[in-house]
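Thanks for coming. I have one structure to go through today, and I will take it piece by piece.

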Amino acid sequence: MPVETRQQKNLGVMPPTTPSTLAQWSKMTNDVRSIVVGHLDYGSRCNMKLCSNNDYSLVNMTKFKANNIVISGVSNRDQGGVHIEIDSFSIWFIKKDNNTTEIERGWNGEKIERYKEIRQEDHYDLSRRFLDKYHQKFGLNATSVHIQSVSFSPSPNWKIKCDNFELLEAPLDWLNASVSRKYKSLVIFDVTNPVWAVDERMLEATDKLSLLLENDMTDEQLETVKATDVCLHSKRITTDGLIKYLDYFIKNGKETDSITQQCYLVHQPPLNGPLSQMT
Amino acid sequence: MSVEPEVPIVQVEEVRENPVLYKIISSDNHVFTISEHAVKLSKTLWDLITNLGLTAENALDNPIPVENVNGKNMETIVQFCERHKYDEEEPEYTNYIREFVLPEWDRQLLSIDNEELFQLILATNYLDIQKLMDYCCRVIGDMAKDKTPEELRIIYGIPTDAEDDALERSASDSPGPSG
């Protein structure tokens, strides 16, 4: 049962609104209330839906874009599963014996005991269905999306849209599911695909580009990198290519960027030979 | 009552550059002076000025009465409009309005109690100032963080379903134009 439905049972015990404040929300037009709802994070939207039937409808009618979506694998000593965070809301699908899954929900990373339930179903299927429903309703659309330590690929119909994308220890299919053409920040680390190539989207990232797995970036590609906060690992980049990038970095780097944090050179003679690592 | 003038300081350079000023009278008869660039941020006021045919010559002799907004809210609105009069035009409203950072100056301007903020929103809605509306609603939205439904109902003054029904009943029971 969804959190909202469970919480809605408590509506009956709500204290009546004090007369001094009653007028405010009621006085606003639906347009104004929609703008306020547009500023709520996911958790606040869920709580707002529980305030009254009118607010339930109002929230459902207002579009939503999360600030932050995290999809991560859970792998402790005694349990495995999937953890999904949408702003302050969290849901865990923990694998149990006999193909059962324990579902837990909570806010700000804290599990709430009364929302715990057990389902006779695989935890991947359940987490995928949750994401399917979320995708259908809002799209996987957020300012930042982080995919961490998951072994499954996204569903073919999912379209991720975000400004900041982080893919750590996960299949590169997740990046391919992203329809964003220009990122502010793009971090890719330890993808499970053995072969992958640098593409246009990586070069176009405006602020930060971290490609921590060895890749095939060339001098020509490095010359077109827009970001000034970079972390790269390519054997095809030469000293000349690096010097050109450093020139770009000096001209365009932000005050907060530090060159010692951007570039760490493992120098390989001869001087014009490839650099084994640039981070 | 006429309190002359509860207006923001208009910089000399700005006056030279943009000498057209308008006078606005709030519901409680406070008089405010506002520059042309600033007043354009309010769609309602600018439509009114255009329809009344006010010009640089006759603007100050023809104060505009705004009966739905009191002096306190009008002062905040004039300050806001003067501050943002040269801002770039807002992109079309998309309903994805959470992606801006509220500037510190505006956060301080809007650091007022809940009752006043709700009143300011009503005034802003009436005067149709999109940017101020977004900023006010951001402040209101931020109040909801980590609050339970019960707390939200108290902070926002949201009526329960029973109270909503009672309001509707009383509205339908009250005599209409012919009653």
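A word on terms before the elements: an axis is a line fitted to C-alpha atoms, for helices over the stretch in contact, and angles run from 0 to 180 degrees between N-to-C directions. Contact means heavy atoms within 4.5 Å. Helices (H or I, at least four residues) and strands (E, at least two) are DSSP runs, numbered from the N terminus. Two strands pair if DSSP finds at least two bridges between them.

This is a predicted model, in which local features need pLDDT of at least 70 and side-chain atom pairs count only at pLDDT 80 or more, while totals for chains, interfaces and linings use all residues. Residues are numbered from 1 along each chain as its sequence is written, chains are lettered from A and ligands numbered from 1 in the order in which they are written, and side-chain values use heavy atoms, with hydrogens and water left out.

Chain B, then. UniProt, in an unreviewed entry, places "domain: SKP1 component POZ" at residues 23-85 of chain B. UniProt positions are in the numbering used here, feature names are shortened, and annotations may be inferred rather than shown by experiment. That span is 44% helix and 16% strand, with its end C-alpha atoms 17 Å apart.

Which order do the strands of the open sheet in chain B take? The order is β2-β1-β3, 3 strands with mixed pairing. β2 (31-35) and β3 (64-65) of chain B are at the edges with a single partner strand each, so each has one side without a neighbour in the sheet. Strand β1 (residues 21-25) of chain B pairs with β3(B) in the parallel sense, over 2 bridges; B:Ile64 in β3(B) is the bridge partner of B:Ile24. Across β1 and β2 of chain B lies helix α4 (residues 71-84) of chain B, running at about 15° to β2(B).

Further along, the unreviewed UniProt entry has "domain: SKP1 component dimerisation" at residues 130-166 of chain B. Here the chain is 73% helix and 0% strand, and the end C-alpha atoms are 33 Å apart.

On the chain A side, the UniProt annotation "domain: F-box", also from an unreviewed entry, covers residues 25-65. This span is 71% helix and 0% strand, and its end C-alpha atoms lie 23 Å apart.

Now the helix pairs between the chains. Helix α3 (residues 30-38) of chain A and helix α7 (residues 130-142) of chain B have axes that come within 8 Å and cross at roughly 60°. That makes α3(A) oblique to α7(B); angles under 35 degrees count as roughly parallel, over 145 as roughly antiparallel, 65 to 115 as roughly perpendicular and the rest as oblique. α3(A) contributes A:Val32, A:Ile35 and A:Val36 to the contact, and α7(B) contributes B:Met133, B:Asp134, B:Cys137, B:Ile140 and B:Gly141.

The second pair is helix α4 (residues 42-49) of chain A with helix α8 (residues 149-156) of chain B, whose axes come within 8 Å and cross at roughly 80°. α4(A) and α8(B) are therefore roughly perpendicular. A:Ser44, A:Asn47 and A:Met48 of α4(A) meet B:Pro149, B:Leu152 and B:Tyr156 of α8(B).

Last, strands in chain A. Strand β7 (residues 140-148) and strand β8 (residues 160-168) of chain A run parallel, joined by 8 bridges, and A:His146 has A:Glu166 in β8(A) as its bridge partner. β8(A) also runs parallel to strand β9 (residues 185-189) of chain A, with 5 bridges; there A:Phe165 stands opposite A:Leu186 in β9(A).
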